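Please walk me through this structure, chain by chain. Keep it brisk, and say how each term is defined.

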Amino acid sequence: MSLKAFHIVFITAASALAFGFGVWSLRAYSSADGLTQDLCFGVGSLAVGLGLLVYERYFLKKTRNVSYL
Amino acid sequence: MEIPYTAQPRKDTGLYNAKVGIWLFLASEVMLFGGLFSAYILLRVGATPGTWVHGLLNIPIGTFNTAVLITSSVTVVLSWAALKVGNFGRYRFYQAITILCALGFLGIKSFEYREKFSHYEVWLNQPVTVTRGGQEVQTDRLLGHIEYQGHHPAFWSTKTLAEKQVESFKFTPDPIHYKMTPKEMAHARKTAAGRKAEEFEFKAADVKRLSAFVPGHSTYFALYFTLTALHALHVLGGAVVIFYIWGPGAKMWKTDPERYTNRVEVSGLFWHFVDLVWIFLFPVLYLL
């Protein structure tokens with residue numbers, strides 16, 4: 001597996017973490033004792049998750065000619 | 001004698017030798033971290049309800065460190081891509097950012113460690129009354145910070161009290177304890193925000209046990225420090241290798257650019273593995 005392939009795996013895992021953390025933070029915010037910090041982390045994390053997916057697509061496009069091996 | 005297959009792939013594996021080597025090494029690393037992760041999960045699942053330490057790590061700092069490592073993975077790949085198109089200057093720029101990210105991660109982690117080493121749990125002989133979540137409760141176990149002769153000491157234990165012949169010390173308790181549920185913790189933290197913290201003066205004779213948040217405190221902290229310290233050692237090792245290739249080892253770019261690019265790829269694969277371990281460590285240790 002080349003660095004290209006491993007990078008795709010990593011970015012997918014990182015975006016999954018960002019979405020998971022975003023949902024976790026928003027759930028904490030929606031509880032009775034939610035803090036503004038939770039809202040910021042939730043929204044920020046979802047945005048980062050989305051950003052990573054956009055980056056992944058761009059990266060795939062740019063490295064079309066690089067082997068997965 | 002020339003070392004074979006440093007740049008060209010072998011016919012049988014289809015890969016250059018260093019890539020096969022790094023993946024074999026990473027397979028052994030998966031077993032190492034996998035064993036520790038399994039230990040963590042089994043011990044946590046098997047723990048008596050209400051005894052597992054949770055909710056004591058700094059989530060904003062952990063999140064920032066996660067972002068630092070993700071950034072470093074992107075710069076590692078960009079530096080490799082820069083070499084692929086022959087742009088050595090851009091490679092150097094991106095790899096410098098990677099090294100800075102690694103140092104930043106280690107610096108923040110050491111700050112986090114320092115905070116834990118001066119954070120305590122005290123077990124008392126007699127319960128005291130504290131305010132938690134706006135209610136007064138009786139408890140004989142408190143988390144908090146010690147003040148002794150104007151200092152906030154680190155690494156103190158029950159033994160230290162006797163060794164230093166401490167008669168009494170000030171203790172500022174946290175509004176939470178890990179015996180509380182996450183919901184109760186959130187409520188207690190919100191209620192305590194902006195209020196002046198309570199302060200106690202404990203005599204050494206009142207203390208049954210005193211422990212900083214060190215590996216000996218609990219199973220959780222033993223695993224937390226084992227996992228994160230092992231990970232930090234990997235970050236340090238990776239940073240040293242990347243720095244060597246970036247600095248003293250860079251002369252190979254002039255003599256054998258293809259082999260040099262492969263070196264950067266191999267170090268990048270290791271770096272990605274280290275970052276991927278953190279992607280699993282962060283939610284397991286900080287959030288769950």
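What does the accessible surface of chain B come to, and how much of it belongs to carbon and sulfur atoms? The surface comes to about 14300 Å², and 63% of it belongs to carbon and sulfur atoms. Accessible areas come from the Shrake-Rupley method with a 1.4 Å probe; for residues, only the protein chains shown count as cover.

Some ground rules come next. This is a predicted model, in which local features need pLDDT of at least 70, side-chain atom pairs count only at pLDDT 80 or more, and totals for chains, interfaces and linings use all residues. Residues are numbered from 1 along each chain as its sequence is written, chains are lettered from A and ligands numbered from 1 in the order in which they are written, and side-chain values use heavy atoms, with hydrogens and water left out.

Now the secondary structure. Chain B holds eight helices and five strands. Their order from the N terminus is α-α-α-β-β-α-β-α-β-β-α-α-α. Helices (H or I, at least four residues) and strands (E, at least two) are DSSP runs, numbered from the N terminus.

Next, overall dimensions. The radius of gyration of chain B is 24 Å, whereas a compact globule of 288 residues would have one near 19 Å. The radius is taken over C-alpha atoms, and the globule rule is 2.2 Å times the number of residues to the power 0.38. Along its principal axes, the C-alpha trace of chain B spans about 75 × 40 × 40 Å.

Of the 288 residues in chain B, 48% are buried, meaning under 20% relative accessible area (1.4 Å probe, protein chains only). Among contacts in chain B with a separation of 6 or more, 77% join residues 24 or more positions apart. A contact means heavy atoms within 4.5 Å.

Turn to chain A. Chain A has two helices and zero strands. The C-alpha atoms of chain A fill a box of roughly 50 × 20 × 10 Å along the principal axes. Buried residues make up 41% of the 69 in chain A. Chain A exposes about 3900 Å², with 68% supplied by carbon and sulfur atoms.

Terms used. Buried < 20%, exposed > 50% of the residue type's maximum accessible area, 1.4 Å probe, protein only.
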